[in-house]
Amino acid sequence: MPSDLAGKVVFLTGAASGIGRGTAIKLHSLGAILVITDINEAGIADTLQLCGRNDAGRHTGLILDVSKAADAEQCVAEVVAKHGHIDHVFNCAGINPTSMPLTETSEAYFDKLVGVNLKGTYNITKATMPHMTAPGGSYVNVSSISGWNPTMGTAIYCATKFGVIGFSKCMALELGPKGIRVNIVCPGYVDTPTNAGIAKGTAAARTAMEQGNALGRMGTPKDIAGVVAFLMSNEARYMNGSVVGVDGMLRT
Ligand SMILES: NC(=O)c1ccc[n+]([C@@H]2O[C@H](COP(=O)([O-])OP(=O)(O)OC[C@H]3O[C@@H](n4cnc5c(N)ncnc54)[C@H](O)[C@@H]3O)[C@@H](O)[C@H]2O)c1
């Protein structure tokens, strides 16, 4: 069945790796026109390749640091000059946590996580809002199961992901009347490069993690991508401000 995402312009952040890349591949398969952004130039090129780089120039790759408001404005202006509008935004760029007690954290670490995970979501939202298809556009913002459940050693990360949920719910209130939906996806433990501590640690650590999950395994970027595509699609037309966990159900 053809997808209603075919021909839609989707702006993705953090799409050079992991969940962002997996979502780009899924949206490509549904016929969307992608704007693949990240700070990692080589990773952008690889994602474009995986999305059929030679597909008549359908997709665009752009270097973008989401923590910088002026860069976000300039990048979005380039996209609008090319496409005229944006249909959907996937706010995925983020820094995964390093587990450490608060006494070992620094101002620089705080600023980095808040700057990318929370302010980055704000910067992209602010820059894209005037250009969103209305009605019919949507945002999917990435939080985490750490956005509702505190975990030991990740206070700053948790603060950013709790923040993404609060920010996104306010976005949903403000943009809903324009016909633009905003939803939040909360992945559990997903096997991505910056989750290497769990995914590629000792076999015992991985087994413990898998046994702690009702489905007996870690998630994959593909597991998250399908849910993101659904949330953007017209099938989810009455979902706004929804917080959607995709975690296989943790036992703890
Ligand atoms: N992997 C998990 O288990 C998990 C669980 C819950 C939430 N998340 C969230 O999912 C999102 C994607 O994480 P992932 O696991 O795929 O990680 P990942 O490291 O594979 O991908 C993150 C991407 O964000 C990019 N990035 C980092 N800083 C950036 C910046 N300033 N501007 C633009 N891009 C930047 C990186 O270059 C990278 O390509 C993050 O927001 C993360 O917090 C991940």
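Trainee: At what angle do the axes of helix α3 and helix α4 cross?

Mentor: This is a predicted model. Helix α3 covers residues 69–83, and helix α4 covers residues 107–128. Their axes come within 9 Å. They cross at roughly 40°.

Trainee: Is the crossing of α3 and α4 left-handed or right-handed?

Mentor: Take the residues in contact. From α3 come A69, A72, E73 and V76. From α4 come N123, I124, A127 and T128. As α3 passes α4, the crossing is right-handed.

Trainee: How many residues in the contact of α3 with α4 are nonpolar?

Mentor: Sort the contact by class. There is 1 charged residue, and 2 are polar. The nonpolar residues number 5.

Trainee: Which residues is V185 in contact with, leaving aside its neighbours within four places in sequence?

Mentor: A contact here needs C-beta atoms within 7 Å. With the sequence neighbours left aside, the partners of V185 are V140, V142, I224, V227, V228, L231, V244 and V246.

Trainee: Which helix gives the largest share of the shell around the ligand?

Mentor: The ligand is surrounded by 30 residues, and G14, S17, G18, G94 and T192 are the closest. By class, the shell has 14 nonpolar, 14 polar and 2 charged residues. The largest share is 3 residues, from helix α1 (residues 18–29).

Key: Residues numbered from 1 in each chain as written. Predicted model: local features only at pLDDT ≥ 70, side-chain atom pairs only at ≥ 80, totals over all residues. Axes fitted to C-alpha atoms, helices over the stretch in contact; angles between N-to-C directions. Helix = DSSP H or I, 4+ residues; strand = E, 2+ residues; numbered from the N terminus. Left-handed = near helix turned anticlockwise from the far one by under 90°. Contact = placed C-beta atoms within 7 Å. Nonpolar A, V, L, I, M, F, W, Y, C, P; charged D, E, K, R; others polar. Near = placed C-beta within 6 Å.
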